[in-house]
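Visitor: I've got a model open and I'd like to learn how to read it. Can you walk me through it?

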Amino acid sequence: MSDLPKERVLESSKAFLNIAIDFMGPFLITFSRRRGQRSQKAYICIFVCLATKAIHLEVASDLSTPTFLDAFKRFLARRGPCLSVLSDHGTNFVGAKNALNELYSLLDSQEYKQSFSDELANHRITWHFTPPTGAHFNGISEANVKAVKAHLYKCIGNQILSLEELCTVSAQIEALLNSRPLCLLSSDPSEPSVLTPAHFLTQIPLESLPASDVTNENPNRLTRYKLLDQIVQTFWKRWSSECLHDLQLREKWNTSSSPLIPGQIVLIKQDNVPPLHWFSTIKQHALCVNCLTGAHKVSECKSKSNCSNCKVKHNTLLCFKNKVSFSVKVGPGELKGHGSESRSSRNTGPEESESFSPPTPHSPSVSVLCSDDNHVLSSSHNNSGSTVLLSTVKVLIPDNNGHYHPLRFILDSGSQSNLILESTRKKLGLPLNKDATTTIKGIGMGSNPVNGQVNFTITSRLDSRIKYSINALVVDKIIDMLPSQPVDMSHLKYLEQLPLADDFMKPDIVSGILGAQIFPSLILGDRVTSSTNNVVALNTVLGYVVMGQAPLCSVDDSTSNTFCVFQDPPIDNLLKRFWEIETVAAPAMLNDEDKKCEELYSSSVHRNDDGSYTVSLPFKGSPDELGDSYHSARNRFFSLERKLQSNPELRSGYNKVIQENIDEGYLSVAVDQSDRSGFFIPHHMVVRPDKASSKLRCVFDASMQSSSSKSLNDLLFTGPKLYTDLFVILLNFRLFPVVMVADIRKMFLQIKLNPDDWKYQKILWRFHPDDQLLSHVLTTVTFGLRCSPFLALRTVKQLAMDEANNFPLAASKVETDLYMDDLATSVFNADEACVLFEQMVGLFKAGGFTLTKWATNSGEVLQEIPVADRLSEIVQWDADSSVKILGLQWSADRDIFYFKINIDNKPCTKRNMLSLISRLFDPLGLLAPVILWAKQLIQQLWCLNLSWDETPPPHIVEDWEAFQSQLPLLSDLSFPRHLFVVENCTLQIFGFGDASVKGFGGVVYSRVVFPNGDIKVNLICAKSKVAPVKSQSIPRLELCAALLLAQLVQTVVDSYTLRFPIEKVLCFSDSTVVLSWIHASPHVWETFVANRVSKIQESVDITAWWKISGTDNPADCLSRGLKPAENLNRNGLFVPSPLKTRLSFLRQNPSS
């Protein structure tokens, strides 16, 4: 053992002249003892005197640099100045647990180092770092951290202290530790008191105020003051019994050991040395792979220790788990493996030294991506062999600690996805998003699992200013080392002076693939070739990439691997929208970003002389963060132009769309064609043959990343959701006899953009390939920008507020009956509808908008609408652009709802089934039993853990085929649009809930009583949910059904009360247990029941809940699900034909 540092043994003028610093934690604290306060992390900074072992503790509320500097200043103010500081280097925490990641980030951050260095310089203090891999150099502080933290955790237990209480406890513990003996205790009573660190601080031991012994008391019975006493007393007792004796032991000085002699084997641990390096050294000297000593086999080793990683009998330093390829001799043959697949994917290290043989590096193999096997290296055994070079780039990627790693990626235009290895993700410490629902397919459509998605940034190794943000799928394996052998550069002299994107001639691991998403943004087009071979260097923004058939330095027997990537369109968005439709909408809450966006709009909106509005883009970040976007937009335009040239009809149609935008003033040629500042937005065409108008649209992509890895959308606020929920729109649409629908013509384009922001909406265009490519600017709000929906709807609402005095009826309808750019409203009679039509046209005309595509069920109102402004097709209730399998339609002449069926039979796989089910569009729940049956099918698929393209079991295939064949039957169903509410009638709302082991749901009906005593009952809406996979009792499921029903009834009542008085609201359940829960106070029930009962009572008055028999409950089939052919009644009351007597009591006279 070497000598102690001089700071430990030289006499000092005072304590804390030379100190060591370390952190410990985190500890959970709260800033208030009030109920409901959240806990958060706090840390303790420990200062240790190197000479006297005295300690000083400071509580830090977080790990920011300013907080640490405040703690350091407090220490200097209380203990006086010091000469030197010793602290750990950040890399000492690389192997720490997740709880210390924040601590590591602080200690290794440049801000910490610079700020702390400045503070030390101001006080003339020298700052020393321990070596990166030598945490033991700061052993004195590490020992104190261990002593304080371990016992503090045990004493505090699960108690969450306040900040003041943690400061109190740490101060008392500081006093106790500074009173511990520094030397052996003497048994002579005449000896003076034992020396402690406190003698160097105050010349007497520090002691707390006398307190009674409360160590054996129940913590729950103590006051907060006594609880702190118990924690401190327990700490001192544990310290005395467990740690005090260890302070006196110095076994290293009393145990003799042989000195090191030349030629003796020693192990020096180094993190970046692979296990094979250790293994070859051990085998060379015939040592045991377990104890690393003695000339014996591992089977004869008497050591009882095993590997801490895989628990196999070998030393942890020699563990090969998931690190290298190796082969194991099995009997007379040899079984070769790779990574964790070797040794039957179980043994991850050498069990017996004689059965383990490491591989030779760079095993000869040729791996080809998206290439023809005919061009693969031939099996020649001389130096004239060759290999097919793929375009590889080496980029710099930072890990979670900010350190950059050079990694090789394949640049592949044939891959629809970016990929990265799981091992690389772990190496970088990138957080994994496991919600990926895509699959990876290769040649032959073979599927491979995807572990999830990650986001990271790549930086050019040649120019640190070039950066791109990448979203990649995480896979376990991509391909072997590329190239398989070193490339013979003697034939490639013409490439030596080029700035290469990768050292392609050296074999290296491929960490991932950069696919077609980023490929166009990287290619520049210039290339370097030679007449003597077919190796080509292609210029990219990352440097030149080399491709072609290149000679190898040496070649052995080789094999070839072919790999190709396809990605099916994700169905995440479709499923998300499906579940959103099936959920009762909750009121939206504004967050801070929404409030800021509203402030920016209000301060910048301007109304022009013609009544139109001018708005500005709501930037949340500085536009200066945008990099170059011209080159990427130009490449995207050339790709679009090639597609248009291949189809003259599309070319003509797209030219017409652009010309219309120019003629209308929405698009104009930029004044300065040399100005490439701002942002260039790529555009492409979308063909919608099912649309009544605008079958071909121009779509803009403002999410394209610039050279700074920032896109225009990244810097814009999204804004709050302003449109009324579609479910509420349809509820109001059904209320009154006369209805009208209309569409705001090109709503976005009628709103002008501030000229200062035009430069951020540039596009490239020319009408013919022979024309000059010109920059154009979009002068209006553009579809494709993140903020555009907010700007458009906010402007329409601003128009309604500004013109409320002139058009009061229309202004009120805009607030409640506008969904995106569609108006859907209902009124009592045709006269009111005519007035509303005139006000609506006048209101929007005052703001520069035009209402078109009018439709109504009233012939009288229709006569008032110009023929050119009438809608010629059926109204579809879905703003989504995807093709619906089942979509809600409204027929104006018949005034009914019905469903349009559009089925494309596909093989029964999990992907195809989810894709079809997610396209069932029934926002009102008119076919809720059928939708529930489809939901149950989704649940079964998830429980089976099938891959996306795997065929389900036969019974599911049979049910699915029957479901698909029966779906067209739903087109024969129709539902009355109007709920029969007229003037002088009485409206009542009735709701029914039910549950089964399969699911639960709620259904709401209207009961209209006319003055003559006639009664009309109609289905309003319904919602359903599948039962949880984890089994629940029927009463609990019935309670969930009651809660869903209460939320549904509340939504209906809130929507209708503003328009028409509701006489009565009643809710029914067939569960006596649930009704007893609802009619009692929530506090008497357990948490599960109490939470739901409380929400039910907030939504619906408890006096409205009544009992109904199970046979009369119309929600019975809603809780079990029905196939389309299982006798859905034509009047839409969820009544299978054998039970038509249900709901008969609703049609009885009111007196009953």
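This is a predicted model: local features need pLDDT of at least 70, side-chain atom pairs count only at pLDDT 80 or more; totals for chains, interfaces and linings use all residues.

Visitor: What is the mean pLDDT of the chain?

Guide: pLDDT is the predictor's confidence in each residue, from 0 to 100. Here the chain averages 76, with 72% of its residues at 70 or more. Confidence is highest in strand β25 (residues 613-615), at 95, and lowest in strand β7 (residues 327-330), at a mean of 30. Strands are DSSP runs of E, at least two residues, and helices are runs of H or I, at least four, numbered from the N terminus.

Visitor: Where does pLDDT stay under 50?

Guide: One such stretch is residues 321-384, for which the model still has 132 contacts beyond four places in sequence; contact means heavy atoms within 4.5 Å. Residues 91-101 also stay under 50, with 18 such contacts.

Visitor: Which residues touch the most other members of the largest nonpolar core?

Guide: A nonpolar core is a set of buried Ala, Val, Leu, Ile, Met, Phe, Trp, Tyr and Cys residues joined through side-chain atoms within 4.5 Å. Buried means under 20% relative accessible area, exposed over 50%, and partly exposed in between (1.4 Å probe, protein chains only). The largest core has 99 residues, and Phe963, Val981, Val1004, Ile1020, Cys1021, Tyr1056 and Trp1105 touch the most other members. Helix α25 (residues 1034-1057) gives the largest share, 14 residues. Because domain 4 (607-615 + 625-873) and domain 5 (925-1147) both contribute residues, this core lies between them; the bounds come from an automatic or database domain assignment. Among the residues that Trp1105 touches, beyond four places in sequence, are Leu1045, Phe1068 and Ile1096.

Visitor: Is asparagine 1113 buried or exposed?

Guide: Asparagine 1113 counts as buried because its relative accessibility is 0%. Its place is the loop between β44 (1105-1107) and α28 (1116-1120).

Visitor: What does the side chain of asparagine 1113 make a polar contact with?

Guide: A polar contact is a pair of N or O atoms within 3.5 Å; within protein, one must be able to donate a hydrogen and the other to accept it, and residues adjacent in sequence count only if both atoms are side-chain atoms. The partner here is the side chain of aspartate 1070, at 3.4 Å. A polar atom of the asparagine 1113 side chain also lies 3.0 Å from the backbone nitrogen of alanine 1115.

How values were computed
Residues are numbered from 1 along each chain as its sequence is written. Side-chain values use heavy atoms; hydrogens and water are left out.
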